[in-house]
Amino acid sequence: MRQQNMFEAPLERPLASRMRPDALEGFAGQQHLLGPGKVLRQLIDADRIASMIFWGPPGVGKTTLARIIAARTRAEFIDFSAVTSGIKEIKAVMQTAEESRRFGQKTILFVDEIHRFNKAQQDAFLPYVEKGSIILIGATTENPSFEINAALLSRCKVFVLNALTPDDLLALLRRALAAPEGFGHLAVDVADDTLALIAHFANGDARTALNTLEMAVLNGRRQGEGEGARVIIDRELVEQCTSKKSLLYDKNGEEHYNIISALHKSMRNSDPDAAVYWLARMLEAGEDPLYVARRLIRFASEDIGLADSRALEIAVSVYQACHFIGMPECTVHLTHAVVYLSLAPRSNALYKAYEAAKADAVKMLDEPVPLAIRNAPTRLMKELDYGKGYVYAHDTPEKIADLDCLPPSLEGRRYYEPTGAGSEARAKENLERILAWKAAARKQR
């Protein structure tokens, strides 16, 4: 009998297609939705599926999950593309679904990239969703709040699918190497750290991970002949398949913290070139851009603060831009923020103010709120002098009230000490004026 080689019929379909699970038990990730006792899992198990939107990045299993739901709930499954279909096609499918409903057959209409439909096309679904002719499952990589009509969105439950973790992808890759529908008929020799490289390169995308593994297997070095033949996959081959040099970076290890520290300290030292380099090291090694963006938001207040309040606005805007468009397009937005923050004036006065206040707060958790600034919504509270002596600052010429707002034991304590850097110079002048007015008012009591 002639031995089947690795390029024959079983491999005609792509690995990602062959490994597509047909049951929840084989579905990778999304335990926050599909784990025991979770909402979506309970809906599926009880066969009480309603119209819903799956929102998540590419390659996390939105289409696969819709197919599994259809099979699990014994519903007819119609796969509909928002790229190639118009209102005419929608109405034809809706008519078929309506006829099926009369015979007691449920129809799940899966619409991939539903955000590509315009308002009129989305509105065409409404009457059929309301009547129950169809159970609509839409998949989108875009924020449904912005891309799905409010009327349609209000009739659908939104489930957020997360990017797969490296551990999820590693498990998927190992399953593909062992499963008969994958490469189980081959003896593939690949080290765990090489599989981990593929998992990190895929950046949460199962399809990318499986496609990369398939390319590596098909281009692997053959060793031996016949039944004892092996396919050798080494790190160099994977780097060639991904067109990326393997960077020394472990998102869960020490180097992760070393590089984010290097980015932070380069910006603090006003070195945009070094900051952009460390940014590139993180992103090209597969770091989540939203993680970087969150760190930039922290930096904007911790190291710049009121010296340039625009820094925080820009950092938050860049986070939103990264969320909207993802990698690789958002690299330029992160660079925008990193360079701006590197060149902005410096002040850590806000950071120091909170740390000093925190130290006092922890030691004095039972300090009472001064009566004058307590809330007094009831008659009893007023009789107990809650709010007595309170002065509404807007009613004074200076827009400042002569009130002691700290507990008596902390009277006169200063936490915020503004610097003279950038825009904080104005804050410093204003604070000095306020403190001088309050000191004069105390003398006149």
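A polar contact is a pair of N or O atoms within 3.5 Å, and within protein one of the two must be able to donate a hydrogen and the other to accept it. With that in mind, we can start at a single residue of this model, which is a predicted one. The side chain of H115 makes such a polar contact with the side chain of T140, at 2.8 Å. H115 itself sits in the loop between β3 and α6, the latter covering residues 119-123. Because buried means under 20% relative accessible area, H115, with a relative accessible area of 15%, counts as buried.

Strand β3 is joined to β4 by five bridges, and the two strands run parallel. In this pairing, F110 stands opposite I137 of β4.

Among the elements that give two or more residues to its lining are β3 (107-112) and β4 (135-140), together with helices including α4 (62-72), α10 (166-178) and α12 (206-218). The lining is made of 29 residues, and those nearest the centre of the pocket are R20, G59, G61, T64 and R207.

Strands of a sheet pair through backbone hydrogen bonds, either parallel or antiparallel. Here three strands form an open sheet in the order β6-β8-β7, with mixed pairing. Strands β6 (188-190) and β7 (221-223) stand at the edges and have a single partner strand each, so one side of each is left without a neighbour in the sheet. From one strand to the next, the twist averages 30°. The pairing between β7 and β8, which spans residues 230-233, is antiparallel and extends over three bridges. Within it, R221 has I232 of β8 as its bridge partner.

A last stop is T396, found in the loop between α20 (379-383) and α21 (424-443). Is T396 buried or exposed? It is buried, because its relative accessible area is 13%, which falls under the 20% cut-off. The side chain of T396 reaches the backbone oxygen of A393 at 2.8 Å.

Notes:
Residues numbered from 1 in each chain as written. Predicted model: local features only at pLDDT ≥ 70, side-chain atom pairs only at ≥ 80, totals over all residues. Heavy atoms only, no water. Pairing = 2+ DSSP bridges. Helix = DSSP H or I, 4+ residues; strand = E, 2+ residues; numbered from the N terminus. Axes fitted to C-alpha atoms, helices over the stretch in contact; angles between N-to-C directions. 1 Å grid on protein atoms, 1.4 Å probe; cavity = no way out; pocket = protein on both sides within 12 Å on 5 of 7 lines; lining within 4 Å. Buried < 20%, exposed > 50% of the residue type's maximum accessible area, 1.4 Å probe, protein only.
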